[in-house]
Amino acid sequence: MLGIIGAMDVEIKKIKSHIEEPTVKTAAGCEFVTGKIGSREICAVQCSPGKVNAAQCTQAMLDNFDIDAVINIGVGCSLSKDIVIKNVVVADSVCQYDIDITALGEEKGLINGLNIVKIPTDPELSNALINSAKQLGYSTFSGTVASGDTFIGSDKMKAQIASDFGACCGEMEGGAIGQVCYINGVKFAVLRSISDGGDESVQVDYPTFKPIAADISSKILLEIFK
């Protein structure tokens, strides 16, 4: 069964609407919708924004369903001058930019227990998303997606994250979802459609382009099932 996680209703509702003969189960405060899209068994859920919400939802999914892979879809901000609104980023790795124990001499972003900063995504899943995005005509990039519990909305913060982690996209869930999948031995991928530039124009760009970017990410995923 393929698990699909989106943080907001706008990111996951289109996927849920395509599930045939849906069954709903609630666990850990999350509503999981299971069924089929084509021949593929699907479990889709809205986790709500933020790393803790994403992590607890992912663990609940893995505990309650026979999940063999997870794809996290949704919107994100660009951390690169080469990536603009309505472009697509598929993560080759994820990190968490707000983990910081450098005061104790550790590398910034180091995840205690795993002793790594960047968690690699599954190449096969990621390549399928990249090929789907390109087939639909979207400009598509691959790189590190950085997650944190602060909404990125300044040139200074954007530049710092890009510099610290070599990340090309920022958001609030992928790193946590990746960590949970990694420790459970479940392959995962992260897809983001760019809704804003992560800078001072975010208050205008984000609400304007969020629904458009969310629709793009859903279309890319649904294309895989055809």
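Two strands count as paired if DSSP finds at least two bridges between them. In this predicted model, strand β7 and strand β8 meet that condition, with 2 bridges in the antiparallel sense.

**Strand β7 and its partners**

- Strand β7 spans residues 88-96, and 8 of its 9 residues are buried, so that the strand is mostly covered, where buried means under 20% relative accessible area.
- Strand β8, made of residues 119-120, runs antiparallel to β7; within this pair, V94 has I119 of β8 as its bridge partner.
- With strand β9 (residues 140-147), β7 forms a parallel pairing that extends over 8 bridges.
- Strand β11 covers residues 187-196 and is joined to β7 by 3 bridges, the two strands being antiparallel.
- On the β11 side, S193 is the bridge partner of V88.

**Helices α1 and α6**

- Helix α1 takes in residues 9-17 and helix α6 residues 202-224; the two pack with their axes 8 Å apart, at an angle of about 35 degrees.
- The crossing of α1 past α6 is right-handed.
- From α1, the residues that make the contact are V10, E11, K14 and I15.
- From α6, the contact is made by K210, P211, A214, D215, S218, K219, L221 and L222.
- By type, the residues of this contact comprise 6 nonpolar, 5 charged and 1 polar.

Conventions: Residues numbered from 1 in each chain as written. Predicted model: local features only at pLDDT ≥ 70, side-chain atom pairs only at ≥ 80, totals over all residues. Heavy atoms only, no water. Axes fitted to C-alpha atoms, helices over the stretch in contact; angles between N-to-C directions. Helix = DSSP H or I, 4+ residues; strand = E, 2+ residues; numbered from the N terminus. Left-handed = near helix turned anticlockwise from the far one by under 90°. Contact = heavy atoms within 4.5 Å. Nonpolar A, V, L, I, M, F, W, Y, C, P; charged D, E, K, R; others polar. Buried < 20%, exposed > 50% of the residue type's maximum accessible area, 1.4 Å probe, protein only.
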